[in-house]
Each structure stands twice: as C-alpha cells, then as structure tokens.
Amino acid sequence: MTHQTVSHPGLPDDPRADAAEPTPSCPVEITLDVLRGRWTTLVIRELLRGDRSYSELRQALPALSDKVLADRLSHLVQAGVLERERKAGWPPRTQYTLTPQGRRLGPVLQALWDWGS
C-alpha cells in the first residue's frame, strides 16, 4: 500500500504543519508573535506607506501613547521587521524603515483585512 499525500487548501505541505500543539518554531506562531499587541498592525501599516520618523508616527496615530509606540517599535526592530536609524542634527531624529521581511507583512495584513471584512 502506498502513502498518498492529500492536499488541503490553506495548509502548507510541511511536516511542521502537523504539530499537535503550538511550538515557538511554527511559522504561524512566529508571525502571530510579531503582530501581537494592540497598535502593532497600525504601526506596520503606516510604515508600508513609507519610512517614518517617530514624530510622524505619533502624528499619524494620535491616540497611541508614547510608551506603547516606543514598545511596539522596539519589538518590531528586535523581530527584524523594522530598521531604526538615528539622523544627525538637532534635534536628533530617528527614522524607521521596514526591512524586506517587514514588507512581506503587507499581504498578510491585507489577508487579515479581507477575512475580517
């Protein structure tokens, strides 16, 4: 008897997809961890529109507190989604840019939007 692989739409053909419980190495869990936290998707959305300074992000998301914005930016830099660059001058400016991996979240956010609507 031969084993036949059955394809299921939406499920990857990867042995990790057969996990019996969530694991930190699961690509879905990694993605969800990056997107965790209220405001994270909105910060990414703003940066999908182009590079932004800290103050430009504050202006685009006025209800977002400084503490939460700083936390989300730090998390996204640590996760490899953003690059942070200090600009010379006075006052000093910090510019945030999506990494190539961060840009790949655009279709993910679009899929979440489509599913939710």
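**From values to words**

Reply: In this predicted model, the axes of helix α2 (residues 40–48) and helix α4 (residues 66–78) come within 10 Å and cross at roughly 70 degrees.

Me: What makes α2 roughly perpendicular to α4?

Reply: The crossing angle is roughly 70 degrees, and angles of 65 to 115 degrees count as roughly perpendicular, so α2 is described as roughly perpendicular to α4. Where these helices meet, Thr40, Val43 and Ile44 in α2 are in contact with Leu69, Arg72, Leu73 and Leu76 in α4, and the residues of this contact divide into 5 nonpolar, 1 polar and 1 charged.

Me: Why does Ser53 count as buried?

Reply: Ser53, which lies in strand β1 (residues 52–53), has a relative accessibility of 2%; buried means under 20%, and therefore Ser53 counts as buried. Leaving aside residues up to four places away in sequence, Ser53 touches Arg93, Thr94 and Gln95.

Me: How do you know that the side chains of Ser53 and Arg93 are joined by a polar contact?

Reply: The contact between these side chains is 3.5 Å, and a polar contact requires a pair of N or O atoms within 3.5 Å. Another polar contact, of 3.2 Å, joins the side chains of Ser53 and Ser55.

Me: Why is the chain called more spread out than a compact globule?

Reply: The chain, with its 6 helices and 3 strands, has a radius of gyration of 18 Å, whereas the globule rule gives 13 Å for 117 residues; the value is well over the rule, so the chain is more spread out than a compact globule. Along the principal axes, its C-alpha atoms fill a box of roughly 75 × 30 × 20 Å.

Note on methods: Residues are numbered from 1 along each chain as its sequence is written. This is a predicted model: local features need pLDDT of at least 70, side-chain atom pairs count only at pLDDT 80 or more; totals for chains, interfaces and linings use all residues. Side-chain values use heavy atoms; hydrogens and water are left out. Axes are lines fitted to C-alpha atoms, for helices over the stretch in contact, and angles run from 0 to 180 degrees between N-to-C directions. Helices (H or I, at least four residues) and strands (E, at least two) are DSSP runs, numbered from the N terminus. Angles under 35 degrees count as roughly parallel, over 145 as roughly antiparallel, 65 to 115 as roughly perpendicular and the rest as oblique. Contact means heavy atoms within 4.5 Å. Ala, Val, Leu, Ile, Met, Phe, Trp, Tyr, Cys and Pro count as nonpolar, Asp, Glu, Lys and Arg as charged, and the others, Gly among them, as polar. Buried means under 20% relative accessible area, exposed over 50%, partly exposed in between (1.4 Å probe, protein chains only). A polar contact is a pair of N or O atoms within 3.5 Å; within protein, one must be able to donate a hydrogen and the other to accept it, and residues adjacent in sequence count only if both atoms are side-chain atoms. The radius of gyration is taken over C-alpha atoms; the globule rule is 2.2 Å times the number of residues to the power 0.38.
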